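Me: I am new to reading structures. Please pick one part of this one and look at it closely. Then link that part to the rest, step by step.

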Amino acid sequence: MSSKYAKSALDAFAALAVAWSAHSAHATTYTFQNVVNSNPALGGDANFNQELGINDAGLISGYAGDGTVLPNKGYTVAPPAYTAFTPENFPASVQTQVVGINGNSPATTVGFWIDGAGNNFGFVDQNGSFTKVMDPNTPTVTPSVNQLTGVNNANIASGFYLNAAGNAQAYLYNIAAATFTPITLPASFNAVMTTATGVDNAGDVSGFYVDAAGVTHGFLDVGGTFFTIDDPNGNGTNTMLLGLNNNDQAVGSFVDMNGETQGLVFNFLADAFQTISDPGASATPAFMVNGTTINGTNDQGDLVGFYSNGTQVIGLVALPASVPEPATLTLLAAGLLGMGVFARRRKVG
């Protein structure tokens, strides 16, 4: 995978594990809009929608249906009204989720589908041509699990499979070559499960892992250097990074001290962390979902995700109304990383 970093810095610090000391910065203001496919003819469900990815053209990938009352049915939906839904489902699948979308024209989408036996398989959709994706290390058990979670403009996808112990193992998938590259976190992370959730055009990877104590942490692989990302306010647990863009922003969620899920935006160059909560969000679960989750972002900083209003799970898009001044970078490892590692080349792709 390519890199945006000075080669000398990478040679010195490749695969270094670093804890990130983030701080909250002046907040970006967002305008929130519900995105709900409620049309049964298009696989819609008025009670359950999740928006999972967004590209620079504003095209959103997502799905409707909770998987029990109504099956998952994938779709894309176009701006600006976000009412024009196009169904997208793997042929002969029982359920499909469209998770990631890139900026190519036509866009490549990735996600996963489920067969009648409950097996999960990743998929790639390139202009209506679907390809099944399954890491060869996946054990021959039923149900097996493979999922693709994001894709960049070079058609490199992020994903994971479950091993024989039922633990997630992260990988990158080269769509053109049909090859898999495992992602292994440093031993100091004590990771038992690792899920990759996004990959930018330079090959940086977002994701989350579960440590030996059962705590979930976000992680970033930035040019071969791994970082653990947690709620910097110390007010929550179970931090997940669920996607990233090409402008040093990762998005995801954490669980606050009251047990409510909060969305997050983390600028990993400016070291700025912001909590995101949809105005309609409730701590009361609907379909076992509470609060707000931010699952994807594009290079404009537009956000997509979903929230519970106490009775429904509602898809959301949040558009930045104002952009704050960059915050000061404060890394615990500043002395190690210095300016070399952050000699970033924006923008790729």
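**From one loop to the inner spaces**

Reply: Start at Pro 143, which sits in the loop between β11 (129–133) and β12 (146–151). The model is predicted. The peptide bond between Thr 142 and Pro 143 is cis, and its omega is about 5°.

Follow the chain on into β12. This strand supplies at least two residues of the lining of the largest pocket. β12 also supplies at least two residues to the lining of the largest cavity. Take the pocket, then the cavity.

The largest pocket holds about 650 Å³ of space. Its lining has 23 residues, and Gln 97, Gln 147, Phe 208, Leu 242 and Asn 295 are the closest to the centre. Which strand gives the most to this lining? That is β20, with three residues. Other strands that each supply at least two residues include β4 (49–54), β8 (95–101), β16 (191–199), β21 (249–256) and β24. What kinds of residue line the pocket? Eleven are nonpolar, twelve are polar and none is charged.

Now the cavity. The count comes to one cavity of 30 Å³ or more. The largest cavity holds about 330 Å³ of space. Here 30 residues form the lining, and Ile 54, Ile 101, Val 151, Leu 244 and Thr 297 lie nearest the centre. β4, β8, β16, β20 and β24 are among the strands that give at least two residues each to this lining. The cavity lining divides into eight nonpolar, 19 polar and three charged residues.

Stay with β16 for a moment. It runs antiparallel to β17 (205–211), and seven bridges join the two. Ala 191 stands opposite Asp 211 in β17. β16 and β17 make a hairpin with five residues between them. In the turn, Gly 203 has a positive phi of about 95°. In a regular strand, side chains alternate between the two faces of the sheet.

Back to loops. Pro 80 has its place in the loop between β6 (73–78) and β7 (84–87).

Ala 178 has a positive phi, near 55°, and is not a glycine. Its loop runs between β14 (168–174) and β15 (179–182). Is Ala 178 buried, partly exposed or exposed? Its relative accessible area is 45%.

Last, the whole protein. It has two helices and 26 strands. Of its 349 residues, 55% are buried. Take contacts between residues at least 6 apart in sequence: 50% of them join residues at least 24 apart. The protein exposes about 13900 Å², and carbon and sulfur atoms supply 55% of that area.

Methods
Residues numbered from 1 in each chain as written. Predicted model: local features only at pLDDT ≥ 70, side-chain atom pairs only at ≥ 80, totals over all residues. Heavy atoms only, no water. Helix = DSSP H or I, 4+ residues; strand = E, 2+ residues; numbered from the N terminus. Buried < 20%, exposed > 50% of the residue type's maximum accessible area, 1.4 Å probe, protein only. Contact = heavy atoms within 4.5 Å. Areas by Shrake-Rupley, 256 points an atom, 1.4 Å probe, with all protein chains shown as cover. 1 Å grid on protein atoms, 1.4 Å probe; cavity = no way out; pocket = protein on both sides within 12 Å on 5 of 7 lines; lining within 4 Å. Points joined across faces, edges and corners; volume = space filled by probe spheres on them. Nonpolar A, V, L, I, M, F, W, Y, C, P; charged D, E, K, R; others polar. Pairing = 2+ DSSP bridges.
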